[in-house]
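Me: I should like to understand how the terms used for a structure follow from their definitions. Please set each value against its cut-off and then conclude.

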Amino acid sequence: MDAYAVADADPVAAVLAWLADHPKVQEVLGGPGRVSGAREAPWPHLRVALGPGGNLGDLTWLTQPEVSLELYGDPGGWPGPAAMSRILKVCALAAKELPEHAPPHGQPVVSHVQPSGVLLESPLENGQPRWVMGLLISLHPTPETP
């Protein structure tokens, strides 16, 4: 195995691609095109980014970086807190299904997904609703095939 393959095992790309195509996520967010790596309309919108925590082990095979799920509501203040909490939990539950499926060619193998803490309501300065939670993603590079 390439000793540097662990550097290419991108947890954000794996989770983002999975959630963007997940039917329950699309349903709860109101349609496709509402999951990305940016804070952007249409609202509500899920941003998937690298989180501040995790464990990179010894950087040889299995790592457990943190991925942040950030759910943004409309700048006008909707949906409300109960709906935002539910939407984010549905997205986290969908992410937990990722280890049950084979990765696309060249993508890392995700073996486990678990919350790294709690759901946190963290509105932006302008009052736009934002809820955040972290997921620890256990993954390793795809083994080389002959």
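Me: Which residues of the largest nonpolar core touch the most other members?

Reply: In this predicted model, local features need pLDDT of at least 70 and side-chain atom pairs count only at pLDDT 80 or more, while totals for chains, interfaces and linings use all residues. Residues are numbered from 1 along each chain as its sequence is written, and side-chain values use heavy atoms, with hydrogens and water left out. Of the 30 residues in the largest nonpolar core, Leu19, Leu46, Val48 and Leu69 touch the most other members. A nonpolar core is a set of buried Ala, Val, Leu, Ile, Met, Phe, Trp, Tyr and Cys residues joined through side-chain atoms within 4.5 Å. Buried means under 20% relative accessible area, exposed over 50%, and partly exposed in between (1.4 Å probe, protein chains only).

Me: Which elements supply at least two residues of this core each, and which gives the most?

Reply: At least two residues each come from α1, α2, β2, β3, α3, β4 and β6. Helix α3 gives the most, with 8 residues. Helices (H or I, at least four residues) and strands (E, at least two) are DSSP runs, numbered from the N terminus. By that rule the chain has 3 helices and 6 strands, in the order α-α-β-β-β-α-β-β-β.

Me: How do you know that the length of α3 agrees with that of a helix?

Reply: The expected span is 1.5 Å times one less than the number of residues. For the 16 residues of α3 (residues 81–96) this rule gives 22 Å, and the end C-alpha atoms are 23 Å apart, so the two agree.

Me: Why is Ser85 called buried?

Reply: Ser85, found in helix α3, has a relative accessible area of 13%, and it is therefore buried. Other buried residues of α3 include Met84, Ile87 and Leu88. Ser85 touches Leu119 and Trp131, not counting residues up to four places away in sequence; contact means heavy atoms within 4.5 Å. The buried residues of α3 are covered by elements including α1, β2 and β6.

Me: What makes Glu27 and Lys24 a salt bridge?

Reply: A salt bridge is a side-chain nitrogen of Lys or Arg within 4 Å of a carboxyl oxygen of Asp or Glu. The closest N and O atoms of Glu27 and Lys24 are 3.9 Å apart, and the pair forms a salt bridge. The two residues are 3 apart in helix α2 (residues 23–29), which means that about one helical turn separates them. Glu27 is exposed at 58% relative accessible area, whereas Lys24 is partly exposed at 44%.

Me: How many salt bridges does the rule give, and where does Glu70 find its partner?

Reply: The count comes to 2 salt bridges. Glu70 forms one with Arg47, the closest N and O atoms being 2.9 Å apart. This pair links distant parts of the chain, with Glu70 in strand β3 (residues 64–72) and Arg47 in strand β2 (residues 45–55), 23 residues apart. Glu70 has 11% relative accessibility and so counts as buried; Arg47, at 25%, is partly exposed.

Me: Why is β3 described as largely enclosed?

Reply: In β3, 8 of the 9 residues are buried, so this strand is largely enclosed by the rest of the structure.

Me: How do you know that β3 pairs with β2 and with β6?

Reply: Two strands pair if DSSP finds at least two bridges between them. There are 8 bridges joining β2 to β3, which run antiparallel, and β3 and β6 pair in the antiparallel sense over 7 bridges. Val48 has Leu69 as its bridge partner in β3, and Val67 has Leu135 as its partner in β6.
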